[in-house]
Amino acid sequence: MQAFELTILNWIQAHLRCGVLDAVMVPVSRICDHGEVWILLAAILLAIPKTRKLGTCVACGLALDLLFCNLALKPLIGRVRPFAVNPTVSLLIPPPVDASFPSGHTQNIVGTTASLFACRKEKWVRIVCAVLMVLVPFSRMYLGVHTPLDVGVSFVVAAALVMLVYPLMEEADRRPAVLTRTIAVMVVCSGLFVGYLYLRGDTGATAEDTANYVSALENAWKLTGATLGMLIANIADRKYIRFETQAVWWAQLIKLAVGFGLLLAIRAGLKAPLIALLGGSAAIAGGVRYLLVVLFAGCVWPLTFWWFGRLGRR
C-alpha cells in the first residue's frame with residue numbers, strides 16, 4: 001500500500017470525520033452493499049420493452065465489472081484493507097473480509113449510473129447519476145475500507161466497460177441477435193471462470209485468502225446463474241413471449257413495486273432451501289437462486305402485465 005494513499009485516508013479521518021457525515025456516508029455506502037440488487041434492477045429493466053436497452057446496458061456493464069473486478073482482480077491481487085494497515089481507524093461498518101483492490105462498491109455504482117447517464121437524456125437523471133458516482137466511492141474511503149487507488153481503478157475500469165458496451169447495445173437495437181450473442185458470451189466466460197476456480201482450488205495460506213476465494217466462487221456462480229437466466233429470457237422474449245406493456249401511470253408504479261418486492265422475497269426465501277437441497281453448497285445454491293430470480297423477472301412476471309394494463313380502463 002502506497003504512503004500517499006494512507007496520507008489521504010488519514011487526512012479524511014482527521015479533518016472531515018464528523019457526526020453529520022458519519023450519518024450520511026454509512027447509508028450511502030450501503031446502496032451497493034449487495035450487488036445483486038443491481039442485477040435485479042437490470043432484470044426488471046430487461047423485462048420492459050421501453051427500458052430494455054437501458055437494462056441490457058446495465059446488465060452487461062455489471063456483468064463485465066463483476067468478471068474483471070470481483071472475480072479476476074480481487075483474488076489475484078489480494079490487497080489488504082487499509083484498516084488492517086492502520087488499526088487506529090474507527091470503523092462505522094462491519095469490517096469486510098475480502099480483498100481491498102479493486103472496490104466492488106465503486107464498480108457497481110459506476111457501472112450502473114454510467115449506463116443510466118449514457119442512455120437517459122433527462123438533466124435530473126444525469127445529475128443524480130453524477131452525484132452517486134462521486135459519493136459512493138468517497139464513502140468507501142471515508143469509512144476506511146478502501147484507498148484512493150482501490151476506488152480510482154474501479155471507477156476507470158467500470159466507466160471504460162460501459163463505454164465499450166454502449167455502442168454494442170446501439171447495434172443490438174437494430175439487430176436483436178447481437179444482444180443474444182453478447183449475453184451468451186457472458187454466460188460462457190462466467191462458466192469458464194467457475195471452472196477455473198474449482199481447478200485452482202483454495203490455495204490461500206491465511207484466513208483472508210480463503211475468504212477471498214470463497215467470495216470469488218460465490219460471485220462467479222451468481223453471475224453464471226444471472227447471465228444464463230438473461231439468455232433464456234432473451235430467447236423466450238424474441239421467439240415466444242409477447243406481453244402487454246401499456247398501462248396508466250399509477251398501474252405502472254404498482255407493477256414495478258410489486259414486481260421488485262416479489263423479486264426480493266424470492267431471492268431471500270430461496271436461499272436456505274436451496275442450500276439445504278444442494279448439500280450445503282452456498283456457491284452453487286447462489287447460482288441456481290439467481291437463475292430462478294432472473295427467469296421470474298424476465299419470463300414469469302411479464303405474463304401478468306396484461307392484467308395491470310386493464311387497471312384504470314373503462
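Tutor: We begin with a term: contact means heavy atoms within 4.5 Å. The buried residues of H7 pack against helix H1 (3-15), helix H2 (19-30), helix H6 (104-119) and helix H8 (148-174). Helices are DSSP runs (H or I, at least four residues), numbered from the N terminus. This is a predicted model, in which local features need pLDDT of at least 70, side-chain atom pairs count only at pLDDT 80 or more, and totals for chains, interfaces and linings use all residues. Residues are numbered from 1 along each chain as its sequence is written, and side-chain values use heavy atoms, with hydrogens and water left out.

Student: Which residues of H7 are buried?

Tutor: Buried means under 20% relative accessible area, exposed over 50%, and partly exposed in between (1.4 Å probe, protein chains only). Among the buried residues of H7 are Val125, Cys129, Met133 and Tyr142.

Student: How many aromatic pairs does the structure hold?

Tutor: A pair of aromatic rings is described by the distance of the centres and the angle of the planes. Rings of Phe, Tyr and Trp (its six-membered ring) pair if their centres lie within 6.5 Å; planes under 30 degrees apart count as stacked, over 60 as edge-to-face and the rest as tilted. The structure holds three such pairs. In one of them, the ring centres of Phe138 and Tyr142 lie 6.1 Å apart with planes at 45°, so this pair is tilted.

Student: Is Phe138 buried or partly exposed?

Tutor: Phe138 is partly exposed, at 22% relative accessible area, whereas Tyr142 is buried at 0%.

Key:
Helix = DSSP H or I, 4+ residues; strand = E, 2+ residues; numbered from the N terminus.
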